[in-house]
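Visitor: I have a structure to go through with you. Can we start with the overall picture and then pick out details?

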Amino acid sequence: MKYRNIYKLNGRYIIKKTIYKKTIKYGTFDTIERATEQRNILMKNRWHKNATTGYPKGQRFPKYQIKETDCGYLVLNRKTGKSFGTYKSYKYATIIKKILPFYENEIDIELIEKVAHKEYFRYITKNKMTGRYHIIYKGFIRSTHRDLKEALYERDLIVKYDGDEELMCEDPTLIYDYGKDEIPSFDHNMDNIRYKDENRNKYQLEKQIRNHKIIIGAYPTYNLACLIKRYLESKKWNKKDIKKIITVTKNIHKRDKYIQKRNGKYYIERTYKEETTTYGVYNNIEQARYVKNKLILANWRKDLVKKFERKYYKEEYKTKYYYDSTDFFKEEHMIL
């Protein structure tokens, strides 16, 4: 239609389009001719807001790249460094990368992953009775397969040649080599590490067990979350090991409560009944943690601070838990 994706409101013309379940507003124009001209430019450029389509820097879609890691593929915002994933399938990661720009600064990664999953298996359905995969294209079942990878290969050819069997037979090349990919489950399952921008510890590790999602913990770096994930994978996600990691993570998160860092020093401070008391100032974070823990056990008796400080040096105390180290997983540190 001539005016598709153009809507009139209060005498002006708005360009809007829903892509990947996200409605994007592309601008408001005084005349239908100007709106139509801009709409046509956007159509030729895959509906991206960028320099080519005439948008200033502050309004352009963010750009993403894919980074391979030991745990799979991360999708990174090239400007902010925000990451999403990891994903075992490179193709699935490329679909995430394709979808993310349309969500601009309103990222709903769980929705995006669901949309990406549907895109990955587009035109493929599964008959639950027979366990076979059907490729349904333009209203017709084009082929049936026992193997999901075979269905994906065939689907790609069907889409490329619009179902023309003669052209499909003449093409010996693979559209995409699924042999090197780890195929996502046909029923959508979320990956284990998720980026939560609102959290101080941004990388949340979780595990779907049957129909229940378990939050294991949140970590300041992707590498640490990945390290813990690999550890739990080596334990085959045993409930006992999951529980230990959850407990240790909670203890680590709490270990610096009441400790504030200012000007390179560590202050033990506690606010009670709107009054803040400083118990000690230390150059060493380990000593601050030790004294703070002793104060908690002593019900915050300030007169015992000097005694705890002397005891720290006498015992050559070392913190039990380590945050960014493989010592996190040593058995002696797992015992609480």
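**Contacts, makeup and a few residues**

Guide: Among contacts (heavy atoms within 4.5 Å) in the protein between residues at least 6 apart in sequence, 45% join residues at least 24 apart. This is a predicted model: local features need pLDDT of at least 70, side-chain atom pairs count only at pLDDT 80 or more, and totals for chains, interfaces and linings use all residues. Residues are numbered from 1 along each chain as its sequence is written, and side-chain values use heavy atoms, with hydrogens and water left out.

Visitor: How many helices and strands?

Guide: The protein has 10 helices and 15 strands. Helices (H or I, at least four residues) and strands (E, at least two) are DSSP runs, numbered from the N terminus.

Visitor: And how much of the protein is buried?

Guide: Buried residues account for 42% of the 336 residues. Buried means under 20% relative accessible area, exposed over 50%, and partly exposed in between (1.4 Å probe, protein chains only).

Visitor: New topic. Which phi does Asn10 have, positive or negative?

Guide: Positive, about 55 degrees, although Asn10 is not a glycine. Most residues other than glycine have a negative phi.

Visitor: Where is Asn10?

Guide: Asn10 is in the loop between strand S1 (6-9) and strand S2 (12-19). Asn10 counts as exposed because its relative accessible area is 74%.

Visitor: What about Lys138?

Guide: Lys138 is not a glycine either, yet has a positive phi of about 55 degrees. Lys138 sits in the loop between strand S8 (133-137) and strand S9 (140-145), and is exposed, with a relative accessible area of 55%.

Visitor: Last one: where is Asp164?

Guide: In the loop between helix H4 (148-160) and helix H5 (165-170). Asp164 counts as partly exposed because its relative accessibility is 34%.
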